[in-house]
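Please look over the sequence and the structure shown below before reading on.

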Amino acid sequence: MTHAALPSGPSATPPTDRPSPGARLRRWVGRETTGGALLIGAALLALVWANSPWRESYLTLSSTVVGPSSPLHLDLTLSTWAADGLLAIFFFVVGVELKQEFVAGSLRNPRQAGVPVLAAMGGMAVPALIFVAVLLTTGDPGALHGWAIPTATDIAFALGVLAVFGRGLPVAIRTFLLTLAVVDDLLAIVVIAIFYTAELRWGYLGLALLAVALYAVLVRARRTRWWLLLPVAVVAWAFMHESGVHATIAGVLLGFTVPALAVHGERESRTQRFEHTVRPLSQGVALPVFAFFAAGVSIVGGETPVGEVLTQPVVLAIVLGLVVGKLVGVLGVTALVTRFTPLRLAAGIGVRDLLPVGFLAGIGFTVSLLIAELSFPDAEHTDGAKIAILAASTIAAVLAALALRWDARRARSNDMNRDDLPDDVTDFIGDPKDRLEH
């Protein structure tokens, strides 16, 4: 879907002393801080427009139908194209990252990955339980289908906040957060595939899987040809869309097929090369456009008064799930695992470092907005859920930023993970001079 810029052979273009303007733009867009800023900017623009005197034009734009009226039903609104089409690019990058982590990254060693993996599970289970408990207590069981909304973590947004406010902290904290968020996304993908598939058409699903298999063959060939990969990826996405399974799953499956180890004498793995190529498109176009169409909740002038929307039980359930549930799940499971099992945190990380990580995990944004759209057919619950996601993600981001600066200013021992071995940490987030010594 997004491989137009892929190299056509194993050798990369020789580096030059001065990168081209296009290369500098791709590098800038690919930064975590830039991705987070673009997400926030697109969401704010949508909120302002959707609540301005010109809000009808925003709604008209969102509902504009584009695409051919074919047997595959590709005549979709722009908002649907953003959620089903562009977001598949983001999930392709997620799939590539997952493949890299499982084969050659932090998830290949179960002992090393054990704590963040279990923390991710706790960070999904506790918010879901809080969501269900709030709705049952407040008497709104009709919204229980949205139980998965507060379980998601936005990788791009969370890493962007960490990059800005986590300067001077050990890089191991970023690795922990990345592992947690990657596992979180993997579980969210499974949840979407199992619980948010309305009607399964096995024939189209089989055709989609055949297209993915063909893509797997082509992407392992000696030469990767974008003009072959791109059409096959589009076909896989179209068949997956028609099968009833959410079309973004095609992006994940395609990402999983990319080789994570260097092949045919190449200097780097194709997962790394594809990720570097596609990430700027994902962070610079796909995610901001999706956020623009998903976050435009009309608070004024809507069918339901804003006061009534904000007092919905689903709003409280999502805010508590993301802000409190994520923190309790991540910290609680980590504390239990490190206390009662042989598993330990990586060198340089202490339990106190997981306070900001728990808040960062509460930034649900992208995947939470997607699940909200899949959960509720009515605008009433959808608007309330989106408002809650935006509010909770903002609260979690602010608390994470404060916690990160607090953590960076505190003195650190040489055995933060308490495994009776010296940490000897030398890698820190940001410039080394950002580290605060005490």
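Which helices are included in what covers the buried residues of α14? They include α6 (155-165), α7 (171-195), α13 (313-340) and α16 (379-409), where helices (H or I, at least four residues) and strands (E, at least two) are DSSP runs, numbered from the N terminus.

Before going further, note that this is a predicted model, in which local features need pLDDT of at least 70 and side-chain atom pairs count only at pLDDT 80 or more, while totals for chains, interfaces and linings use all residues. Residues are numbered from 1 along each chain as its sequence is written, and side-chain values use heavy atoms, with hydrogens and water left out.

## The enclosed helix α14

Seven of the eight residues of α14, which spans residues 354-361, are buried, so this helix is largely enclosed by the rest of the structure. Buried here means under 20% relative accessible area, exposed means over 50%, and partly exposed lies in between, with a 1.4 Å probe and protein chains only. The buried residues are L354, P356, V357, G358, F359, L360 and A361.

## How the helices cross

Axes are lines fitted to C-alpha atoms, for helices over the stretch in contact, and angles run from 0 to 180 degrees between N-to-C directions. A crossing is left-handed if the near helix is turned anticlockwise from the far one by less than a right angle, and right-handed if clockwise.

| Helix pair | Axes come within | Crossing angle | Handedness |
|---|---|---|---|
| α13 and α16 | 8 Å | roughly 30° | right-handed |
| α4 and α11 | 8 Å | roughly 150° | left-handed |
| α14 and α16 | 8 Å | roughly 165° | left-handed |

Angles under 35 degrees count as roughly parallel, over 145 as roughly antiparallel, 65 to 115 as roughly perpendicular and the rest as oblique. The axes of α14 and α16 cross at roughly 165°, which makes α14 roughly antiparallel to α16. On the α14 side, this contact (heavy atoms within 4.5 Å) is made by L355, P356, F359 and L360, and on the α16 side by A396, L399, A400, A403, L404, W406 and D407. By class, the contact of α14 with α16 has 10 nonpolar, no polar and one charged residues; Ala, Val, Leu, Ile, Met, Phe, Trp, Tyr, Cys and Pro count as nonpolar, Asp, Glu, Lys and Arg as charged, and the others, Gly among them, as polar.

Helices α13 and α16, by their crossing angle, are therefore roughly parallel to each other. The residues of the contact of α13 with α16 divide into 12 nonpolar, two polar and no charged. From α13, V314, V315, I318, V319, L322 and V323 take part, and they meet H381, G384, A385, A388, I389, A392, I395 and L399 in α16.

The pair α4 and α11 is, by its angle, therefore roughly antiparallel. Its contact has 18 nonpolar, five polar and four charged residues.

## The nonpolar cores

A nonpolar core is a set of buried Ala, Val, Leu, Ile, Met, Phe, Trp, Tyr and Cys residues joined through side-chain atoms within 4.5 Å. In the largest one, which has 106 residues, F176, I318 and L360 touch the most other members. Helix α7 gives the most to this core, with 13 residues. Not counting residues up to four places away in sequence, F176 touches V115, P116, A119, T334, L345, I349, L354 and V357. A second, separate core of 17 residues includes F92, A211, Y215 and V258.

## Some single residues

T34 is found in helix α2 (residues 32-50) and, at 7% relative accessibility, counts as buried. Leaving aside its neighbours within four places in sequence, T34 is in contact with W28 and V29. G251, in helix α10 (residues 248-256), is also buried, with a relative accessible area of 0%.

V103 lies in helix α4 and counts as partly exposed at 34% relative accessibility. With neighbours within four places in sequence left aside, V103 is in contact with R108, A260 and L261.

H264 lies in the loop between α10 and α11 (270-294), and at 31% relative accessibility it counts as partly exposed. Most residues other than glycine have a negative phi. H264, although it is not a glycine, has a positive phi of about 55°.
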